[in-house]
Amino acid sequence: MAFEAKKIFFVFCFIQILFINIFSGTTGKIYGRIIDSQTLEGLPGVNVMISDTKAGAVTDNDGYYFIMNIPSGYHQVKAYMLAYREEHIDSIYVGADMSVKVNFKMIIQSFEMDSVYVEANEIVRKDVTQQ
């Protein structure tokens, strides 16, 4: 009887280990916050992308973001927004069922444009009220 109980116990343990491997995840998650480097306040509307995938997100009103279902491996994470310098962090490792925190401090960057000239011709006739 004791031998049968041990045999059933070992079979039960083997089945448990098998199910753990079958039903374990294969993707991970990246999350974090993006702030202004001078004010240290969260930046809303920043685009965050994983370079080698099509995954990405946009920060909420407080600068927080998360990206789900990222394949296991090393990735480059980019953050960009108009009027700020693009930031990126290389070699972020995401494992199966793993959550990785990636924060950014973005630096304001001005950009220059060529001069813009505006010319106007009179298109409204002052002596006519309707046509």
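Predicted model: local features only at pLDDT ≥ 70, side-chain atom pairs only at ≥ 80, totals over all residues.
Local features were taken at pLDDT of at least 70 and side-chain atom pairs only at pLDDT 80 or more, while totals for chains, interfaces and linings use all residues. Residues are numbered from 1 along each chain as its sequence is written, and side-chain values rest on heavy atoms, with hydrogens and water left out.

To start with the sheet: 4 strands form an open sheet in the order S3-S2-S5-S6, with antiparallel pairing. Strands here are DSSP runs of E, at least two residues, numbered from the N terminus, and two of them pair if DSSP finds at least two bridges between them. S3 and strand S6 (87-94) sit at the edges, each pairing on one side only. From one strand to the next the twist averages 20 degrees, with axes fitted as lines to C-alpha atoms and angles running from 0 to 180 degrees between N-to-C directions. S5 (residues 73-80) and S6 are joined in the antiparallel sense over 6 bridges.

Across that pairing, Tyr74 stands opposite Tyr93 in S6. The model has 1 aromatic pair, counting rings of Phe, Tyr and Trp (its six-membered ring) with centres within 6.5 Å; planes under 30 degrees apart are stacked, over 60 edge-to-face and the rest tilted. The ring centres of Tyr74 and Tyr93 are 5.0 Å apart and their planes lie at 55 degrees, so this pair is tilted. Tyr74 in strand S5 and Tyr93 in strand S6 are 19 residues apart, and the pair links distant parts of the chain. As for accessibility (buried under 20% relative accessible area, exposed over 50%, partly exposed in between; 1.4 Å probe, protein chains only), Tyr74 is exposed at 58%, whereas Tyr93 is partly exposed at 40%.

On to the charges. The structure holds 1 salt bridge, meaning a side-chain nitrogen of Lys or Arg within 4 Å of a carboxyl oxygen of Asp or Glu. Arg85 and Glu87 make this bridge, with their closest N and O atoms 3.2 Å apart. Arg85 is partly exposed at 39%, but Glu87 is buried at 15%.

Finally, Asp62 belongs to the loop between strand S3 (56-58) and strand S4 (64-71) and is partly exposed at 46%. Beyond its neighbours within four places in sequence, Asp62 is in contact (heavy atoms within 4.5 Å) with Arg33 and Gly42. Gly42 lies 20 residues away along the chain, yet the two C-alpha atoms are separated by 4.7 Å.
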